[in-house]
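Dear colleague,

Please find below the structure that I am handing over to you, with its sequence. My notes on what was found in it follow directly after.

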Amino acid sequence: MHCAACVARVDRALAAAPGVELATVNLATRQAKVKFNPRLTSPAALAQVITEAGYEVEGTSREQRAPRSPAAEVEEFRRRFLLALALSLPVWLSMIPPVAQAAGLSHRAMAFVLLIFTTPVMFYSGASFFSGAWSAARHRSTNMDTLVALGTSAAYFYSAWVTFFPDTVAAAGHEPAVYYDTAVMIITFILLGRWLEARTRGRASEALRRLFALAPPTARVRRGEVEQEVPLAEVAVGDLVVMRPGEKIPVDGVVAEGLSSVDESMLTGESMPVPKEPGAEVWGATLNLRGFLVFKATRVGQDMVLSQIIRLVDEAQTSKAPIERLVDRVAAVFVPVVMALAAATFLAWFLWGPEPYFSRAIISMVAVLIIACPCAMGLATPTAIMVGSGRGAELGILMRGGEPLERGYRLTTVVFDKTGTLTRGAPQVTDVHTWERWSAAQVLAHAAALEEKSEHPLAEAVTHAAKAQNLALPRVDDFQAVPGLGVEAKIDGQAVLLGNLAFLIQQGVASEELIDYQDRLSREGKTAIFLAVGGLPVGVIAAADTLKPRAAQAVAALKAMGLKILLLSGDNKMTAAAVAKSVGIEDVLAEVLPGDKAKKVAELQAAGEVVAMVGDGINDAPALAQADVGIALGTGADVALEAADLTLIRDDLDLIPAAIKLSRQMMRIIRQNLFWAFCYNIVAIPVAAGVFYPIWGWTMNPALAALAMAMSSVSVVTNSLRLRRFRG
């Protein structure tokens, strides 16, 4: 496939095949993704449909495959271009009067020499144009090759006729001029464009090829008492995989033995090594740094995190943005319309043009055929999506396809879930206040001793805080839990109470000072745990679901982009307001049940907002699906959350503004590409046809038209490649 007309033709052929529910054809990746009913058709039958449409099928697969390197295609175009260039140079030079005179050949003899140089360029270097045009003609269709073949053939065969029968042309009142230079320059310049385009397309698919190359080909597996190296495909769930320092982890798993640190930057973008100990999760394609590890395989093959990331990137790169439907509609009729315009151009110049009217008619017709090749239109959208989605994957941003990309460009509002999104999702000790000459360490040690056996989230927060300070915990006697209130026990023979304010009031220990502390901490979104020893309050521990790092900076960055920010939470209004204030969010929707979050998003949409919903991808799935763009913060196995349009591989809030910036940049690139592709044809075709000749005397040399056409495709791909430099 070489142009948008090719894509439209294959698209139509597949869509019309029995059993096909959906077909998407991508020019940049040279792939067709087809959803079909296996009872009505098969991959082999679909391949036959494509063959009957005049194209070749390199292979079919239901599995993810690394994009084919264009090295062979690049080399083929390079070889044909260099031969064309070498043979074209003498033809070009012969057009310079002093060079032609220095050759000492007659006009007719020179024409025969030029014919000898031109013929290999036409039928070897340019063979693919003629075979493509013939294949399309056999299937009663047209494409870019049709335009090139018609244009160069008109110039070549007219020149050949003049070379062999100059008298017939002179007798008709025409100057016996030859246009071999036009034919060779068209083919040489278009081959140059194809060569450069193939090279740049190869760079566009590098990101996906790098992802495929991350996983090692083999794994060292311990089976019984024997360690053996097996191919990656033979690793099974439950196998014990042995990792030495400096080796790549082959599959996902959970550490069973050893201590180490793992470089996960190639998968998550996380720059710092992550410590691993028994019970920690490891992911395939990451790098074991210093320690010796043995882990139990939990996900292999298509279930691995790397495989899921590759699947999402592949889906994004082969998807179409809604804006591309315009290109498909235009491409379906573009080539026949151009052929009709070329014929009209020939007739207009032949009937009303100045002398030599026949030669001018031929040249103008050829210029129209060549300048209008719709390559740039076909590459405008897919190359930008391919480069942008690949760059996003490198940064830890996975896009589901073209439609979310287009909606992301128009976002007006971003709605954040609170728990697990802006906050860590688990309470942590934030403050310890003491009375009666007790130290904070003493209060925390006593509280941790009482909470040590509890699984309540607040109890875990207290014990983790004591463990982090390496506190020695006192012995607890006569322990008794009071459901919903707290616990009581004896430490060193003294009665100890630990619980909420209601518990201390019930035990007659509360005071006005404690009530004031409770109110202040509640306004800050914190939960108070009071400790009393011997009937006297000695300390209060404040715990809260703390903010994630850089939450406030991420919100500020979104505001700077002109977006409206809301917090949507099931927590009470006071807690939600405290979190919102700490990150700089003014609008809060609190006490919203999980099932009602999607309704709130729908209400915003009904008010005219284009909404992005940011959630942890678990409890927020309905709201993520309802939003125009669902953004899920994924960790580990969560990266392929089906409800989200954008999935962030690591739990980094800075990726949210980066993801929206990337989608905006991709849409800007697509719009630029389409604008220049359409503008190029709208301006160039009238110039080539000679519309402005009566006014300003403007015409276009077909060779210049070929160069302009070739460079238009290269410029579109090169413009898309700017996305590789995106930093967020």
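I begin with a hairpin: strands S3 and S4 are linked by two residues, and Gly 224 adopts a positive phi near 70° there. Please bear in mind throughout that this is a predicted model. S3 (residues 218-223) and S4 (residues 226-231) are antiparallel and paired over six bridges, with Val 221 opposite Gln 228 of S4. S3 is also joined to strand S5 (residues 240-243), again in the antiparallel sense, by two bridges. Val 221 takes part here too, with Val 241 as its bridge partner in S5.

A three-stranded open sheet has the order S8-S7-S10 and antiparallel pairing. Its edges are S8 (274-276) and S10 (287-288), each of which pairs on one side only. Between S7 (residues 260-263) and S8 there are three bridges, and Ser 261 faces Pro 275 of S8.

Another open sheet has six strands, which follow the order S14-S19-S18-S17-S16-S15 with antiparallel pairing. Helix H18 (residues 440-451) lies across S14, S15, S16, S17, S18 (527-533) and S19 (536-547), and its direction makes an angle of about 80° with S19.

Helix H14 (residues 357-371) packs against H26 at an angle of about 170°, the axes being 8 Å apart. The two helices are therefore roughly antiparallel. On the H14 side, the contact involves Ser 364, Ala 367, Val 368 and Ile 371; on the H26 side, it involves Tyr 680, Asn 681, Ala 684, Ile 685, Ala 688 and Ala 689. This contact has eight nonpolar residues, two polar ones and no charged ones.

How is helix H16 set against H26, roughly parallel or roughly perpendicular? H16 (residues 402-409) packs on H26 at about 100°, and the axes are 8 Å apart; the two helices are therefore roughly perpendicular. H16 contributes Leu 405, Glu 406, Gly 408 and Tyr 409, while H26 contributes Ser 663, Arg 664, Met 666, Met 667, Arg 668, Ile 670 and Arg 671. The residues of this contact are five nonpolar, two polar and four charged, whereas the contact of H14 with H26 has no charged residues.

With kind regards

Notes. Residues are numbered from 1 along each chain as its sequence is written. This is a predicted model: local features need pLDDT of at least 70, side-chain atom pairs count only at pLDDT 80 or more; totals for chains, interfaces and linings use all residues. Side-chain values use heavy atoms; hydrogens and water are left out. Two strands pair if DSSP finds at least two bridges between them. Helices (H or I, at least four residues) and strands (E, at least two) are DSSP runs, numbered from the N terminus. Contact means heavy atoms within 4.5 Å. Axes are lines fitted to C-alpha atoms, for helices over the stretch in contact, and angles run from 0 to 180 degrees between N-to-C directions. Angles under 35 degrees count as roughly parallel, over 145 as roughly antiparallel, 65 to 115 as roughly perpendicular and the rest as oblique. Ala, Val, Leu, Ile, Met, Phe, Trp, Tyr, Cys and Pro count as nonpolar, Asp, Glu, Lys and Arg as charged, and the others, Gly among them, as polar.
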